[in-house]
Amino acid sequence: MIQVIGKTHSRMATILVAFNSGSRVEAKSGYNHGVAHMLEHCIFKGTEKRTNLEIQKNIAFLGGFSNAFTSHEMIAYYITVPYENLEPCLDILSDMVFCSTFPEEEFLKEKEVVKEEEMSSLDDTPSFMWREFASMFFDNYLSDTVIGTQESIDKFSRDEVKGFHSEYCQRKDAVISLCSNLKKKDAKSLLKKYFGTPSGKVRRFSKLKESSYKSSERLETIRPGIEHTYVWMGMPSFKTGSEIEPASQVLMTILGRGMDCRLFTEVRENRGLVYGISAGFSDWQSAGVSLVDFSTRDSNVDDALEIVDRELDRIKMELCSDEEVQRAKNKLRSSFYSATEDSYSIAFWRLKEKMFRLPTIEDYMSKIESITKRDIIEAANLVFDKDKRLMLLCRGPGDSGQE
């Protein structure tokens, strides 16, 4: 077990418990796809000390907000609460995460809830497109959705969820992050009282299959009920913790973040082809993707793509201006400063520092400040490889793709 402590001036405190597992470990251990996410739901369904309703009512009575999330690489549970009521929430969260009983009746009801969640995700166009995109772009665990499918969810059993919990979510492998306005010694004392003495280590997964990437391809999919054509242009990027990430933050901010960025200025403001357009990246321990996305009327797609291509080529070859670089750094500083005002954001960053061996917020911002114009060009040439680009267009059934 690893315990980390963050400090905030906020009167809201956050306690977060996470495990370095997620959906990526399901297949290799013989579990049905989506069982990690099912566990997330079941954790809230009761312990020897509390029923599911008592858990929620007790947290609410204390003014707390509880939630959880599952990703390909992490399962996490947390409570944010006024600092005066932190201690009883530590007791509740520890009880939930480590002493859940997984009542059969509650499990069966929650399985239906998860099936509803999976179906509702298909109504969201970005979620629909991510399923299509990921299945074609990655060739490892990232190609599958975290939630599973109707077929895999149907196969879940209470014993399977309990087994996954026993194998991957034990106290010894927990990373526990507390951010509050408490003195460090008081925070450490509370963590020890409710979670035990930390060993300073957790199980790590060093042999993850890294994704390879296909040659450039343009694919189309049809989705009923939409009027716009949605366009995703994805290219291979870097893994979590890469040295190129700070430069890529500055690069993406200049290119595709905010109403002052190059893509928004050229595609929307100067040509009126889209309502919104953005560029960014996502990274995991085994792969990464850089993505430009927008939606527009079908007749505008090719013109918009031509401008995007031109801007990608330009930022790969020409040095950005001093003003652009400083503006991007100031925007990033604002974003990170905002994060350090929030107990959840601090707790989550500190947790990722330990789980994925990332730099501190302070060290990361120092790296951002040191980025040069030449660093930006180097990053652009690494993450905008058009020879390995997947272009996914999602159209309504009435669009032929022809002018």
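Residues are numbered from 1 along each chain as its sequence is written. Because the model is predicted, local features need pLDDT of at least 70 and side-chain atom pairs count only at pLDDT 80 or more, while totals for chains, interfaces and linings use all residues; side-chain values use heavy atoms, with hydrogens and water left out.

Helices (H or I, at least four residues) and strands (E, at least two) are DSSP runs, numbered from the N terminus. Two strands pair if DSSP finds at least two bridges between them. Five strands form an open sheet of mixed pairing, in the order E1-E5-E2-E4-E3. Its edge strands are E1 (2-7) and E3 (65-70), each of which pairs on one side only. Neighbouring strands of this sheet are turned by 15 degrees against each other on average, direction ignored. Axes are lines fitted to C-alpha atoms, for helices over the stretch in contact, and angles run from 0 to 180 degrees between N-to-C directions. Helix H13 (residues 343-356) packs on the sheet. H13 touches E1, E2, E3, strand E4 (75-82) and E5, and its direction makes about 30 degrees with that of E2. Contact here means heavy atoms within 4.5 Å. Within the sheet, E2 (residues 12-19) and E5 (residues 174-180) are antiparallel and share six bridges. Alanine 18 stands opposite valine 175 in E5.

Strand E7 (residues 229-236) is largely enclosed by the rest of the structure, because seven of its eight residues are buried. Buried means under 20% relative accessible area, exposed over 50%, and partly exposed in between (1.4 Å probe, protein chains only). Eight bridges pair E7 with strand E9 (residues 288-296) in the antiparallel sense. Threonine 229 has threonine 296 in E9 as its bridge partner. E7 also runs antiparallel to strand E10 (residues 390-395), with five bridges. There, methionine 233 stands opposite methionine 391.

Helices H9 (residues 245-256) and H15 (residues 373-383) have axes that come within 9 Å and cross at roughly 85 degrees. H9 is therefore roughly perpendicular to H15. Angles of 65 to 115 degrees fall in this class; those under 35 count as roughly parallel, over 145 as roughly antiparallel, and the rest as oblique. On the H9 side, the contact includes Val250, Leu251 and Ile254; on the H15 side, it includes Ile376 and Ala379.

Aromatic rings were paired by their centres. Rings of Phe, Tyr and Trp (its six-membered ring) pair if their centres lie within 6.5 Å; planes under 30 degrees apart count as stacked, over 60 as edge-to-face and the rest as tilted. The count comes to 21 aromatic pairs. The rings of tryptophan 130 and tryptophan 232 have centres 6.3 Å apart and planes at 50 degrees, so this pair is tilted. Tryptophan 130 lies in helix H5 (residues 125-137) and tryptophan 232 in E7, so the pair ties together parts 102 residues apart in sequence. Tryptophan 130 is partly exposed, at 24% relative accessibility. Tryptophan 232 is buried, at 10%. A second tilted pair joins phenylalanine 164 and tyrosine 168, with 5.0 Å between centres and 40 degrees between planes. Both residues lie in helix H7 (residues 158-168), four residues apart, about one turn of the helix.
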